[in-house]
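Here is a short walk through one protein chain. Keep the view open as you read, and find each part as it is named.

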Amino acid sequence: MAEEFSTEGMLDIYLYENEQLLEQLQEIVLEQKDADCFDEDSINEIFRTMHTIKGSSGIMMFDNITAVAHKLEDIFYFLRESHPEHVPHLKLVEHVLDVADFISGEMDKIRNGSSADGDPAGILKRLNSFLETIKKGADEDAEVPENVHEEPKQFYIAPVATEASHFYKVYITFSPDTVMANIHAYKIVYALKEVAEDLLYYPEDILSDEESGENILKEGFRMLIQAQCPEEEIRELIGIGYDIKQVDIYECKAEEFLQGFDFGDPTAPPQTSPAPEAETTEAKTGEEGGQAEEAPKPQKPQIAPGDFVIQSKEPGKHKKLAKDKHKNEKAAFISVNVTKMDQLMDLIGELVISESVVLQNPDLKVPGLNLTNFNKAAAQMSKISTDLQNVIMSMRMVPLTNLFQKMNRIVFDVSRKLDKDIDFVMVGEHTEVDKNIIENISDPLMHLVRNAVDHGIETKEELAESGKKEKSKVTLSARTEAGKVWISVADNGKGLDREKILAKARKQKLLEDGKADSEYTDREVFQFITLPGFSTNEKVTEYSGRGVGMDVVVQNIQAIGGALEIESMAGFGTTMTLKIPLTLAIIDGIVMETEDSSFVVETGVIKEFVSVRENMMIHEPNGEEFIMIRGECYPVLRLGEWYGLKKCTKSVEDGMMLIFEVEGKTVCLFVDRLIGKQEIVVKPIPSYIKKVKGLSGCTQLGDGSIALILDPVGLIE
């Protein structure tokens with residue numbers, strides 16, 4: 001049977017589901033890292049997570065992942081059952097994160113087509129040692145339970161039933177040609193956990209025993225369900241598809257429910273039997289081929305693996321039933337390959353371009369044409385196109401939660417290694433941005449957070465010297481404003497040393513000759529740290545001191561049309577803010593012309609349009625130009641001269657001035673004429689064309705011509 005067992009079709013689902021579980025695991029652990037111990041719900045959740053990963057990895061035959069997950073499951077099983085005191089909490093947190101890192105690393109190998117060949121020996125040894133330590137710390141007279149894969153003798157205690165509880169015996173027959181019926185059976189079990197107060201099934205080893213699939217096909221799948229919902233809802237959750245041939249559901253009394261899986265004739269309702277002698281009944285497990293031995297007494301149900309002791313629920317703590325939820329919540333999410341989403345986004349972009357070509361067709365400008373009906377149809381088409389674009393854009397938007405949790409992990413790891421006690425605060429982690437944006441800002445954000453912990457936050461000795469009593473804190477926040485996402489990394493540490501940065505800049509000959517230090521604004525001084533090779537650290541550490549990193553941060557952020565702002569006050573901390581676009585795909589832009597060339601600039605960076613007169617201009621001997629507008633003096637950049645267009649308009653009175661405001665700097669851009677506002681589909685400039693300063697991409701206009709997209713940051717620098 002093992003030779004015929006194929007895992008190829010399940011691999012994507014395995015990787016996706018376990019990745020989600022690991023993210024949830026890390027979130028739970030990091031949320032409670034500063035507590036004295038894990039609460040009961042977290043212990044149960046971590047135990048269930050490891051049990052699920054162990055089972056699915058066993059099916060996929062990734063033995064090293066299975067071994068590590070099983071050993072961590074042992075630890076949390078012991079914590080759940082024995083409630084030991086004096087468990088070293090931070091050590092336990094580190095062990096959980098180590099296991100998560102190991103499994104993530106192995107999954108990355110699998111995803112890249114390699115073998116999951118990591119050696120788990122070291123981590124297993126550390127986990128064993130930790131388990132032995134907390135066992136020795138437990139009460140010597142207390143019985144220490146063992147979490148073993150083979151079921152020991154157990155005791156079943158039925159959850160407390162209420163007057164609203166119903167008891168069902170379910171018999172499911174699968175189609176004879178169903179592949180991996182045990183996996184289909186597990187899907188049913190997983191779906192029913194939403195509503196079940198109590199759930200038992202046979203065969204009980206559907207995840208760990210490959211042969212259980214054959215047994216299910218031959219003998220059917222049997223379930224015992226206690227729930228506060230009608231039979232129709234049970235049947236709806238199970239569903240009938242190509243794999244399920246028939247579903248028989250019989251409502252019974254509590255006494256019959258406790259008799260276990262002796263359904264008798266599955267086609268006939270079970271007969272009423274005397275009540276069991278005791279509420280607690282011993283379960284027996286079969287010894288050969290996953291078959292259960294015939295129970296000498298009818299009141300002996302089988303117990304599902306992993307549910308080692310099913311304890312009664314505490315009074316008043318009832319599980320929220322699916323029937324209490326809105327019906328639309330069921331099956332509300334579907335996993336879609338990101339490549340398909342990218343293709344769909346490209347098609348939407350082409351649709352936007354095609355719409356512009358149709359609506360701006362020169363044939364429509366013929367005098368005397370009656371375009372009333374055409375304009376109505378065009379308006380409807382434009383509305384549908386805009387709605388479709390908004391829906392597709394929203395599908396690509398994902399919250400920053402997972403990215404922020406990764407930063408939480410970095411703060412935890414680095415602060416432990418540097419022996420710094422730091423509170424990590426997340427604000428606005430549910431802010432949504434385009435998935436491609438998240439991929440581009442992950443590394444820059446990680447570097448900024450490491451800088452805050454290493455450079456910004458003081459050591460315990462420095463805190464003692466400065467007399468600071470406030471606890472060290474790193475705050476990661478996000479918000480949206482004017483079509484941009486603002487992500488800030490703030491610390492309450494020692495701040496940037498202006499004089500030290502200026503001294504380093506002078507040593508590297510970065511300061512202008514004849515310009516006094518006092519003439520540099522704080523913003524200008526702090527920007528020096530973003531230059532390649534610039535570092536004020538005198539000692540190289542694992543995290544900083546080599547003068548690399550901040551320049552890469554700026555380059556990566558500018559590559560997606562973003563910017564970095566730095567604010568700092570000596571002794572009070574530093575705030576570094578990323579300003580990035582919500583999406584990279586489609587933007588609102590202003591189309592303009594200089595000579596016969598078309599250019600586009602994003603609407604958000606334009607402060608205003610101004611028609612000017614010659615007497616407002618100031619001409620410097622070195623060729624630089626400035627303009628006075630309402631008492632303010634701004635530098636002027638002529639777009640035609642910037643790109644060497646010789647036939648561009650020379651007189652400012654015949655053109656138009658656009659006032660840009662980027663990164664706190666203002667500049668006036670002079671162009672020949674404005675064409676209008678248009679939705680722009682951003683296309684990258686082909687790689688065979690040399691990179692030109694001030695350009696970030698290109699697009700196709702409605703008349704089929706190509707327009708270049710301006711990069712305001714490149715023009716101002």
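**From the surface inward**

The accessible surface of the protein chain is about 38,400 Å². Carbon and sulfur atoms hold 51% of that surface. Bear in mind that this model is predicted.

The protein chain has 717 residues, and 46% of them count as buried. Its secondary structure includes 19 helices and 24 strands. How do the contacts span the sequence? Take the contacts in the protein chain with a separation of 6 or more: 70% of them join residues 24 or more positions apart.

Start with a pair of helices. Helix 1 covers residues 11-31, and helix 2 covers residues 40-59. Their axes come within 10 Å and cross at roughly 160°. Angles over 145 degrees count as roughly antiparallel, so helix 1 and helix 2 are roughly antiparallel to each other. The crossing of helix 1 past helix 2 is left-handed. Which residues make the contact? Helix 1 supplies Y14, N18, L21, L22, L25, I28 and V29. Helix 2 answers with S42, E45, I46, T49, M50, T52, I53, S56 and S57. Sorted by class, the contact of helix 1 with helix 2 has nine nonpolar residues, six polar ones and one charged residue.

Is H89 buried or exposed? Its relative accessible area is 8%. The cut-off for buried is under 20%, so H89 is buried. What does H89 touch, leaving out residues up to four places away in sequence? The partners are Q32, K33, A35, D36, C37 and F38.

Finally, turn to another helix pair. Helix 10 spans residues 338-359, and helix 11 spans residues 372-396. Their axes lie 10 Å apart, and the helices pack at an angle of about 160°. Helix 10 is therefore roughly antiparallel to helix 11. Helix 10 passes helix 11 in a crossing that is left-handed. On the helix 10 side, the contact residues are M341, D342, L344, M345, I348, L351, V352, E355, V358 and L359. On the helix 11 side, they are F374, A378, M381, S382, S385, L388, Q389, I392, M393, M395 and R396. By class, the contact of helix 10 with helix 11 has 15 nonpolar residues, along with three polar and three charged ones.

Notes:
Residues numbered from 1 in each chain as written. Predicted model: local features only at pLDDT ≥ 70, side-chain atom pairs only at ≥ 80, totals over all residues. Heavy atoms only, no water. Axes fitted to C-alpha atoms, helices over the stretch in contact; angles between N-to-C directions. Helix = DSSP H or I, 4+ residues; strand = E, 2+ residues; numbered from the N terminus. Parallel < 35°, antiparallel > 145°, perpendicular 65-115°, else oblique. Left-handed = near helix turned anticlockwise from the far one by under 90°. Contact = heavy atoms within 4.5 Å. Nonpolar A, V, L, I, M, F, W, Y, C, P; charged D, E, K, R; others polar. Buried < 20%, exposed > 50% of the residue type's maximum accessible area, 1.4 Å probe, protein only. Areas by Shrake-Rupley, 256 points an atom, 1.4 Å probe, with all protein chains shown as cover.
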